[in-house]
Amino acid sequence: MMSAKRRLIFKNKHHKQEIKVSQKITAVRGFKDILEQEAPGWRKIEDVARTKFLRFGFKEIRLPLVEKNEVFTRGIGEHTDIVEKEMYTFLDRNDELLSLRPEATAGVIRAVVEHDLYKQHPVLKLFTFGPMFRRERPQKGRLRQFHQFDAEVIGSASPVADAEIICLAWQIIREFVSQDRLNLELNSLGCRLCRPIHRENLLKYLEKIKETLCDDCRRRAETNPLRVLDCKNEHCKAALKDAPLLKDYLCEDCVQHFSQVRDHLNQFNIPYILNPHLVRGLDYYVKTTFELVATDLGAQATVAAGGRYDGLVRDMGGDDIPGVGMAIGAERLMMLMEEDAWEQAIDLYLIYMGEEAKRLALSLLPPLRETLSVYAPYEQKGLKAHMRMADKLKATAALIIGDNEIARKKAVLKHLVNHEQIEISFNDLAQEIKQQLCAKKETFNNTRG
RNA sequence: GUGGACGUAGCUCAAUGGUGGAGCGUCGGGUUGUGGCCCCGGAGGCUGUGGGUUCGAGCCCCAUCGUUCACCCCA
């Protein structure tokens with residue numbers, strides 16, 4: 001542990017004294033600051049996602065980050081890794097057991113059931129966005145506080161809903177990455193009727209080949225047998241060659257449903273790969289399950305995932321109504337975005353020199369800022385220093401008001417991209433500047449096509 | 001939770017065990033009030049922390065904290 005007694009020594013050049021300064025406080029492990037360079041990228045993915053959600057007819061809800069622990073033990077499953085090992089759970093002062101949400105769906109269902117939303121509308125289409133918390137070891141694409149976009153369709157068993165949820169995730173991600181860097185993996189997990197039969201056969205099979213499996217798989221055989229099918233170990237893969245697959249055990253209803261989901265994906269023109277080994281880590285999933293995996297993101301490459309959860313609403317104390325949903329990992333989406341898409345420019349840098357110029361310049365700010373982003377410096381500097389600053393801020397134009405301008409009652413507007421410079425009379429100055437810059441913006445947008 | 005790699009200037013990184021440097025950034029200058037490019041200069045470091053070995057440690061050893069990648073798990 002970093003000793004609290006330790007002190008940084010700051011040498012003061014002028015006094016040759018040593019001044020004791022407090023130790024820096026850092027952010028918590030796995031909790032990351034989003035600084036000003038990255039923030040525009042976040043705004044962009046949020047804008048794109050919100051626009052898509054609304055176009056698909058989803059409505060936004062905003063939920064608490066903290067829920068009663070029971071929301072997740074019942075929703076996600078008591079014996080999942082997330083609940084057993086990864087949740088931030090604590091006792092509140094009134095001895096109530098609370099948890100920071102590790103995912104969104106359980107909380108959405110809790111809210112839907114609490115407010116009886118599904119009784120007002122036969123089919124609910126909801127989306128939400130925000131931070132989630134899991135106490136895992138951080139690595140690339142994995143933080144302890146991370147962010148998800150989440151969409152849920154509650155109240156429909158139609159395969160169109162499954163396909164639409166997948167299409168939504170697909171379209172949002174495709175805004176940031178080309179199709180050849182993205183795979184949609186698809187599977188059906190069966191339902192309450194057919195899954196137990198497969199599970200039984202799988203367990204029998206695993207018992208037979210137990211000796212050849214790796215340590216992880218032997219543990220998984222106990223906790224989540226389906227996961228064994230997904231092992232990357234070569235010995236395990238070979239031993240599992242003839243393992244019973246879910247697809248051979250699906251009941252008639254599940255077969256039909258899955259086949260129709262695939263039809264609809266074709267109609268939406270979305271390519272997919274069938275992966276009979278694809279499994280979810282949360283207990284509530286049935287039937288359709290999917291992952292959108294980026295081809296070049298490292299080990300944590302799943303950008304979005306989801307599936308159907310027909311029993312969940314009932315488990316959370318509501319009626320027995322079906323549901324399907326998905327979540328997109330926002331940090332992973334950010335990693336897919338080209339960095340130059342993050343740029344953030346201002347329209348005008350306002351240079352004033354002298355007291356009278358200052359008074360005029362400041363009075364211009366409110367009208368200019370009705371339509372333009374304007375940066376006005378606080379410190380008096382030489383023109384050169386101002387111009388450098390304007391360039392650094394990627395300003396489209398600079399407005400110059402100094403003694404000369406005051407004398408002639410005309411301001412100078414310099415366009416920093418094409419270097420044109422014009423004079424504008426003080427009469428109706430703000431209006432004229434806005435007109436000039438808006439005209440330029442249009443020309444630029446047009447030439448960019 | 002397990003394993004590997006790495007901690008040097010604000011950032012990215014150099015420095016056979018022998019006086020810690022560069023690029024970028026920052027600040028100033030290159031003659032009156034015009035940015036990017038170029039040139040010159042300044043500031044900025046108890047080399048993560050604590051021990052040990054040594055005449056001498058940024059470098060070797062131990063511990064600790066942190067970062068990172070992978071496993072596990074998952075968005």
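Helix H6 (residues 159-174) packs against helix H11 (residues 252-267) at an angle of about 45°, and their axes lie 8 Å apart. Helices here are DSSP runs of H or I with at least four residues, strands are runs of E with at least two, and both are numbered from the N terminus. Axes are lines fitted to C-alpha atoms, for helices over the stretch in contact; angles run from 0 to 180 degrees between N-to-C directions. H6 and H11 are therefore oblique to each other. The crossing of H6 and H11 is right-handed; in a right-handed crossing the near helix is turned clockwise from the far one by less than a right angle, in a left-handed one anticlockwise. H6 contributes Pro159, Val160, Asp162, Ala163 and Ile166 to the contact, and H11 contributes His257, Gln260, Val261, His264 and Leu265. Residues are in contact if their C-beta atoms, placed from the backbone, lie within 7 Å. Six residues of the contact of H6 with H11 are nonpolar, three polar and one charged. Nonpolar means Ala, Val, Leu, Ile, Met, Phe, Trp, Tyr, Cys and Pro; charged means Asp, Glu, Lys and Arg; the others, Gly among them, are polar.

The model is predicted: local features need pLDDT of at least 70, side-chain atom pairs count only at pLDDT 80 or more, and totals for chains, interfaces and linings use all residues. Residues are numbered from 1 along each chain as its sequence is written, while chains are lettered from A and ligands numbered from 1 in the order in which they are written.

H6 also packs with helix H1 (residues 39-55), at an angle of about 150° and with the axes 10 Å apart. This crossing of H1 and H6 is right-handed. Val48, Ala49 and Lys52 of H1 meet Leu168, Gln171 and Ile172 of H6. The contact of H1 with H6 has four nonpolar residues, one polar and one charged.

An open sheet of eight strands runs in the order S3-S7-S8-S13-S12-S11-S9-S10, with mixed pairing. Strands pair if DSSP finds at least two bridges between them. Strand S3 (59-60) and strand S10 (273-274) are the edges, each pairing on one side only. Strand S7 (residues 124-133) and strand S8 (residues 145-154) are antiparallel over 10 bridges. Lys125 stands opposite Val153 in S8. Helix H4 (residues 105-114) packs on this sheet and touches S7, S8 and strand S13 (323-329); its direction makes about 45° with that of S8. H6 lies across S8, S9, S11, S12 and S13, at about 10° to S13.

A second topic is the open sheet of five strands, ordered S15-S14-S16-S17-S18, again with mixed pairing. Its edges are strand S15 (374-375) and strand S18 (421-425). Strand S17 (residues 410-415) pairs with S18 in the antiparallel sense over five bridges. Val412 has Glu423 in S18 as its bridge partner. Helix H14 (residues 355-368) lies across S14, S15 and S16, at about 160° to S14. H15 lies across S14 and S16, at about 170° to S14.

RNA strand B is surrounded by 59 residues, the closest being Lys140, Gly281, Ala305, Gly329 and Asn404. A residue is near the strand if its C-beta atom, placed from the backbone, lies within 6 Å of it. Helix H15 (residues 383-392) gives the most to this surface, with seven residues. The surface has 20 nonpolar, 14 polar and 25 charged residues.

Definitions and conventions. Angles under 35 degrees count as roughly parallel, over 145 as roughly antiparallel, 65 to 115 as roughly perpendicular and the rest as oblique. Two residues are in contact if their C-beta atoms, placed from the backbone, lie within 7 Å.
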